Amino acid sequence: MFENIPVEVGLVHEGERVRKNDMQVELGGPQEPVKFEIVRVRPADAVEDGKILINGPDLSDMAEGKHYPLGIIVEIAGARLEPDLEGVVERRIHEYCNYIEGFMHLNQRYDIWIRLSKKAFKKGLASLRFIGEVMVDLFRKELPLIEKIQVTFITDPALVTPLYEEAMKTYEARDARARGLSDDDVDVFYGCALCQSFAPTHVCVITPQRYANCGAISWFDGRAAAGVDPKGPIYAIEKGSCIDPEKGEYSGVNESAKQRSMGEVSRVHLYSAFGYPHTSCGCFEGIAFYIPEVDGFGIVLRGFRDVTVNGLPFSTMADSTAGGRQVDGFHGISLEYMRSQKFMAADGGYDRVVWMPQETKERLKSFIPESVYGAIATEQDAKTLEELRSFLLSHNHPVTKRWEEDTPADAGDTTPGRQEVSLFSGRDIPLNAGGFRIILKNARITAEKVIIQPIRPGGERHGTQKP
Ligand code: SF4
């Protein structure tokens, strides 16, 4: 099928990493402000089947070790295709690109990060045309709904920017559709198992008020995908009975998660980062991380390059969050979920959020309640936990009330946030020691003091920030 491609193409290459030293060239990624990939459904006469266009320098024209902007536009046509399917088809770009030996694709939409290895380049993978050919073949084979497809790569900086702005408007229009619809209005949610090849126990549950972790699939997208391919990776979940409306626990979701995770995940709290939180594969747009010292949550999006207020960068916390596990206090989230009224509702919602980057705060301004907006610190207000504590006190943040409530009457040290804090609790807490895996069942760990030090983990997980 891929005789004309100079490298191997297949599932075996999914999950390969291209390290900086092995990299021929980088497209998109954190150093490039403008990058995107998008799928658009077009009328049949607007698509030239199999056409691949490259607007700007090709891979062979790019200097070794450098980074470049990139836009990928996939235009598709087919009698049964509808715009609701765009987001779902778009997510497959990530999957198909990763089948290509020496071609690493991370993230989605406006966050894409691609690296080509020197080895693959030397083997002849020196043109984006090959990438386009693989995409065209795989899309046609895997999604027979697509009758015509053309792919355009844009690397010319002057052309990428206006197309990026157009793409941003399309993403926003897609996301806005699901706003206004509540989880109580529907009987069916959708599940996505696309990322199970990287995190076998991860199952996304997509509801009107809980957008997919990757930020690429809405409830409407799920409905469209499950409608045309009910046996595919995106499937319907009958809600069943509501077990806990505050935490967002449903019998149908629990049953589905148990089945799809091979028994590893038997309960899911959709709106909480504690107890039985939604799992995270590694594609999440951001992380809500618990800060025990102030009993609140910090938020960090993938694009934030600095360390957060707890001294850890996104990449380190991504390792703790990813892997399809239910990790108390490390919660993979999408930007659109942060716009939902159910956003971590069981944990206090925005009344529990104490820190986020300034840029994220601005972006979410109209979705954060006015009552707490000014009391959420950013990197400009607090760079350390001490500074954060002072900021929260001086701005009368709602979490400071929790400090008073949590402090025992006879406690010797009454400094807010200095009491014993619940560090982790959960059904299973795995520990690795001396070559053994120890699992603490139904454990709750508390600590008088928490010291967080960055470590360099041995392994990496799908979508985490250090390729
Ligand atoms: S993050 Fe979730 S919704 Fe997005 S592709 Fe992966 S499994 Fe599907």
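Helices (H or I, at least four residues) and strands (E, at least two) are what I'll be naming today; they are DSSP runs, numbered from the N terminus. Hi everyone, and thanks for coming. What you see here is a predicted model: local features need pLDDT of at least 70, side-chain atom pairs count only at pLDDT 80 or more, and totals for chains, interfaces and linings use all residues. Residues are numbered from 1 along each chain as its sequence is written.

Let me start with the whole protein. It has 11 helices and 19 strands. Of its 467 residues, 46% are buried. By buried I mean that 20 or more other C-beta atoms lie within 10 Å of the residue's own; exposed means 12 or fewer, partly exposed is in between, and the C-beta atoms are placed from the backbone. As for contacts between residues at least 6 apart in sequence, 72% join residues at least 24 apart. A contact here means two C-beta atoms, placed from the backbone, within 7 Å.

Now to the ligand. Which residues does UniProt annotate as "binding site"? The unreviewed entry lists Cys 192, Cys 195, Cys 281 and Cys 283. These four span 92 residues in sequence, yet no two of their C-alpha atoms are more than 12.6 Å apart, so they gather at one spot. A word of caution on the record: its positions are given in the numbering used here, feature names are shortened, and annotations may be inferred rather than shown by experiment.

Around the ligand in the model we find Arg 91, Cys 192, Leu 194, Cys 195, Cys 204, Ala 212, Asn 213, Cys 214, Ala 216, Ile 217, Cys 281 and Cys 283. To be listed, a residue needs its C-beta atom, placed from the backbone, within 6 Å of the molecule. That shell divides into 10 nonpolar residues, one polar and one charged. For that count, Ala, Val, Leu, Ile, Met, Phe, Trp, Tyr, Cys and Pro are nonpolar, Asp, Glu, Lys and Arg are charged, and the others, Gly among them, are polar.

Cys 192 lies in strand β9, residues 188–192, and counts as buried because it has 28 C-beta neighbours inside 10 Å. Leaving aside residues up to four places away in sequence, Cys 192 touches Cys 204, Ile 206, Ala 212, Ile 217, Gly 222, Pro 233 and Ile 234. Cys 283, in contrast, sits in the loop between α6 (251–260) and β14 (286–291). With 29 other C-beta atoms within 10 Å, Cys 283 is buried.

Next, helix α4. Its 22 residues, 157–178, should span 32 Å at 1.5 Å a residue, and the end C-alpha atoms are 33 Å apart, which agrees. The expected span is 1.5 Å times one less than the number of residues. Which residues of α4 are buried? They are Val 160, Ala 167, Tyr 171, Arg 174 and Ala 178. Looking down the axis of α4, these buried residues fall within an arc of 60 degrees, so they line one face of the helix. The arc is that of the directions from the helix axis to the C-beta atoms. An α-helix has 3.6 residues a turn, so residues three or four places apart point the same way. On the other side of α4, the exposed residues are Ala 158, Pro 162, Glu 165, Lys 169, Glu 172, Ala 173 and Ala 176. The buried residues of α4 pack against β2 (35–41), β5 (70–77), α1 (86–97), β8 (148–154) and α5 (219–228). Just after α4, Gly 180 takes a positive phi of about 100 degrees.

Helix α3 covers residues 128–142, and its 15 residues reach 21 Å from first C-alpha to last, close to the 21 Å expected. Its buried residues include Leu 128, Phe 130 and Ile 131, and the buried residues of α3 pack against β3, β5, α1, β6 (103–106) and β8. Glu 133 is 83 residues from Gly 50 in sequence, but their C-alpha atoms are 7.8 Å apart. Gly 50 itself lies in the loop between β2 and β3 (52–55).

Last, two backbone details. Asp 295, in the loop between β14 and β15 (296–301), has a positive phi near 55 degrees in a residue other than glycine. Arg 109, in the loop between β6 and β7 (113–117), has a positive phi near 45 degrees. With 22 C-beta neighbours inside 10 Å, Arg 109 counts as buried.
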